[in-house]
Amino acid sequence: MCSAATPGPWYVRNLDDDHAMNLVAVSTVEDTGRSERWPGFDQGALIAATLVQQPRYVDCADGRWDENAAFIAMAREAVPQLVEEIRRLRRLLGS
């Protein structure tokens, strides 16, 4: 699954525009801290969104959009590392 996904690393981006107010996204580009407005950012670099506040069409009931974006971005690097560690340990155990 990892090799089929967009290559990493992935980053959390905080963006803002008239079409996606308060956009919290996962991107292949690092956040600049400037909350760029479209077309000032490349939407082709976005992997996922965990919040689009206005219009409210990407959201989660518990309000953990920042935490969810951080988890998604971190998972891109962590999952392959964890799989490799499991393989390494299995080799050590001879299974």
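Modeller: We will take the terms in turn and set each value against its cut-off.

Modeller: This is a predicted model, in which local features need pLDDT of at least 70 and side-chain atom pairs count only at pLDDT 80 or more, while totals for chains, interfaces and linings use all residues. Residues are numbered from 1 along each chain as its sequence is written, and side-chain values use heavy atoms, with hydrogens and water left out.

Colleague: Why is Thr50 called buried?

Modeller: Buried means under 20% relative accessible area, exposed means over 50%, and partly exposed is in between (1.4 Å probe, protein chains only). Thr50 has 9% relative accessibility, so Thr50 counts as buried.

Colleague: What makes Arg91 and Glu84 a salt bridge?

Modeller: A salt bridge needs a side-chain nitrogen of Lys or Arg within 4 Å of a carboxyl oxygen of Asp or Glu. For Arg91 and Glu84 the N to O distance is 3.3 Å, so the pair passes. Elsewhere, salt bridges that share partners join Arg13, Arg34 and Glu36 into one network. The whole structure has six salt bridges.

Colleague: Which parts of the chain does the pair Arg13 and Glu36 link?

Modeller: Their side chains meet at 3.4 Å, N to O. Arg13 is in strand β1 (residues 11–15), and Glu36 is in the loop between β2 and β3 (46–54), 23 residues apart. Helices (H or I, at least four residues) and strands (E, at least two) are DSSP runs, numbered from the N terminus. Both Arg13 and Glu36 are buried.

Colleague: What does the pair Asp16 and Arg37 tie together?

Modeller: The N to O distance is 3.8 Å, and the pair is a salt bridge. Asp16 lies in the loop between β1 and β2 and Arg37 in the loop between β2 and β3, so the pair ties together parts 21 residues apart in sequence.

Colleague: Which residues form the largest nonpolar core?

Modeller: A nonpolar core is a set of buried Ala, Val, Leu, Ile, Met, Phe, Trp, Tyr and Cys residues joined through side-chain atoms within 4.5 Å. The largest has six: Trp10, Val24, Val26, Leu51, Ala69 and Ala73.

Colleague: What is Thr50 in contact with?

Modeller: Contact means heavy atoms within 4.5 Å. Leaving aside neighbours within four places in sequence, the contacts of Thr50 include Val24, Trp65 and Ala69. Thr50 is found in strand β3.

Colleague: How do you know that the span of α1 agrees with its length?

Modeller: The expected span of a helix is 1.5 Å times one less than its number of residues. The 29 residues of α1 should span 42 Å, and its end C-alpha atoms are 40 Å apart, which agrees.

Colleague: Where does α1 bend?

Modeller: α1 bends by about 45° at Ala75. The bend is the angle between axes fitted to the seven residues ending there and the seven starting there.

Colleague: Which elements cover the buried residues of α1?

Modeller: The cover includes β1, β2 and β3. Ala69, Ala73, Ala75, Arg76 and Ala78 of α1 are buried.
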